[in-house]
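The sequence and structure come first.

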Amino acid sequence: MSAFKAIRYLMSPSSIAVVGASRTPGKIGHEILKNIIEYGFKGQVYPVNPRATEVLGLKCYPSVSSIGKPVDLAIIVIPAQAVLPVIRDCVKSKVKVAAVITSGFGEVGNKQLEAEVVKTAREGGMRILGPNIFGVYCAASDLNATFGPKDVLKGSIAFITQSGALGIALMGWTITEKIGLSAIVSIGNKADLDDADFIEYFNWDNSTRVILIYIEGVRDGRRFMEAALETSINKPIIALKSGVSKRGMVAASSHTGSLAGSAQVYKAAFKQSGVLIASTVSQAFDWARMFSSNFKFYGYNTVIITNGGGVGVMASDACEKLSIPLIDPSEELKNKLRRFMPPFGSVKNPIDLTGMASEEDYKGAISTCLSSEEVNAIIVLYCETAVTNPVMIAKTIASSIKAQDKPVVASLIGGSKTQLAINELNYRGVPAYNEPYKAVDSLSAFFKWNKWRTKSY
Ligand code: COA
């Protein structure tokens, strides 16, 4: 079976067998089954465990072949030495794809067993995800087959991760940060299906707007680059690459059995394939947030609208550092903007509405800039004041912007109400951050990708 077809079964199976569905809460096989049920998967779910008759209220089967009904996806959560016979049983039962959670394969030198698992599966027409993974999540099919947190937020970022523990931790982090995901795939040792296969799949997948990948090493560099190049013309790919230091390379090799490769080689290869390289986890997700919005690219001419001079200056510095051109508004535009500020405001760029700025002032200034041909993108800054309600400001900013409009990024600084306002904006598809640099940096990533895509440099 082709990788693409297998991944379709993996992401939207009609039926799932959980092999090693433990009766004991806290065991991985139990928690995966629980997540599948509680996240609301609509297809058939079959726990498999020869020592149980029922797990979490579902009838339990002694083996996959004893289910007697078609199984698209088998999640395998049993000790390494028991995996191969189960793979044979899955092949016999015409399972399409198996996600092998189990550790103890190539990453600890047990390469022969790993190769045998893949060979048996491939010869029988089945594909393997893993081993050494925490599972798979797909928003479109209400599938959370992971032992990570349950309440993953739905969105349009597909997250591919070679590190399991980091992936699980980031699942929790995306929930607190209100970041919506279309999919999460833990690829672990990628003994069969690998990053390139998933990049190709997410390029096709309509519910994904941006692909974020945590990568330690690539097995087939050429194939990765081809898949990345073809995809990044269409959708941005953000890479977090680790294992670039000497010690990091050694650690990567014992973590997932990967050859990490030199930083320069990866940098050059990523750049050539249009992959954006993020330096930190939060930067990667900041950018992903920007790309998951529905803005169109119109050009680079940018204005800053602010209620605080200081943050305006900070954002101006960041724009210069990141080569974002700040325009000098024409007299016509300046005159229009004067209506939304007191006489001591500034119509230069940054456009300073002053600390007196009301929701209506923000709305007026944003709408004016959105409808001006001089402006291609807007950075909106807000400092919490006692005379404004941050959430109302956020709602007003969001309602001033239409889908498919010019890009608008926001940075809001303040207390707990401001955090709610940031959440509100993100929820409504306006990328919002808690400091100006992040907003500017994310807009810069958006420009960089569009520059690359439109080959204008
Ligand atoms: N078919 C079906 N069920 C089987 C089985 C088989 N062939 N062999 C064992 N089981 C059942 C067991 O009876 C047990 O159920 P019970 O708890 O109700 O008795 C369940 O499967 C689990 O087996 P157990 O031997 O208790 O294993 P475990 O839960 O301690 O560990 C793994 C299994 C897969 C979790 C463990 O081997 C492992 O690899 N852990 C690391 C996983 C990991 O970190 N992955 C990477 C993430 S980043």
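Of the 24 residues around the ligand, which come nearest? They are Ser22, Arg23, Lys27, Arg51 and Ser103. The model is a predicted one, and every value below is computed from it.

**Ligand surroundings**

By class, the shell around the ligand consists of 13 nonpolar, 8 polar and 3 charged residues. From serine 22, a polar side-chain atom lies 2.6 Å from an oxygen atom of the ligand. Serine 103 uses a polar backbone atom, which is 2.8 Å from an oxygen atom of the ligand. At isoleucine 101, a backbone N or O atom lies 3.0 Å from a nitrogen atom of the ligand. On its own the ligand has 960 Å² of accessible area, and the protein covers 75% of this.

**Salt bridges**

How many salt bridges does a search of the whole structure find? The search finds 16.

| Side-chain pair | N to O distance |
|---|---|
| Lysine 119 and glutamate 123 | 3.5 Å |
| Arginine 127 and aspartate 192 | 2.9 Å |
| Glutamate 331 and lysine 334 | 3.5 Å |

Lysine 119 and glutamate 123 both belong to helix H4 (residues 111-123), where they are 4 residues apart, about one turn of the helix. Are these two residues buried or exposed? Lysine 119 is exposed, and glutamate 123 is exposed as well.

Why does glutamate 331 count as partly exposed? Its relative accessibility is 49%, and the partly exposed class lies between under 20% for buried and over 50% for exposed. Lysine 334 has a relative accessibility of 16%, so this residue counts as buried.

Some salt bridges also share partners: Glu38, Lys150 and Asp151 are joined in this way into one network.

Definitions and conventions:
Residues are numbered from 1 along each chain as its sequence is written. This is a predicted model: local features need pLDDT of at least 70, side-chain atom pairs count only at pLDDT 80 or more; totals for chains, interfaces and linings use all residues. Side-chain values use heavy atoms; hydrogens and water are left out. A residue is near a molecule or strand if one of its heavy atoms lies within 4 Å of it. A polar contact is a pair of N or O atoms within 3.5 Å; within protein, one must be able to donate a hydrogen and the other to accept it, and residues adjacent in sequence count only if both atoms are side-chain atoms. Accessible areas come from the Shrake-Rupley method with a 1.4 Å probe; for residues, only the protein chains shown count as cover. Ala, Val, Leu, Ile, Met, Phe, Trp, Tyr, Cys and Pro count as nonpolar, Asp, Glu, Lys and Arg as charged, and the others, Gly among them, as polar. A salt bridge is a side-chain nitrogen of Lys or Arg within 4 Å of a carboxyl oxygen of Asp or Glu. Helices (H or I, at least four residues) and strands (E, at least two) are DSSP runs, numbered from the N terminus. Buried means under 20% relative accessible area, exposed over 50%, partly exposed in between (1.4 Å probe, protein chains only).
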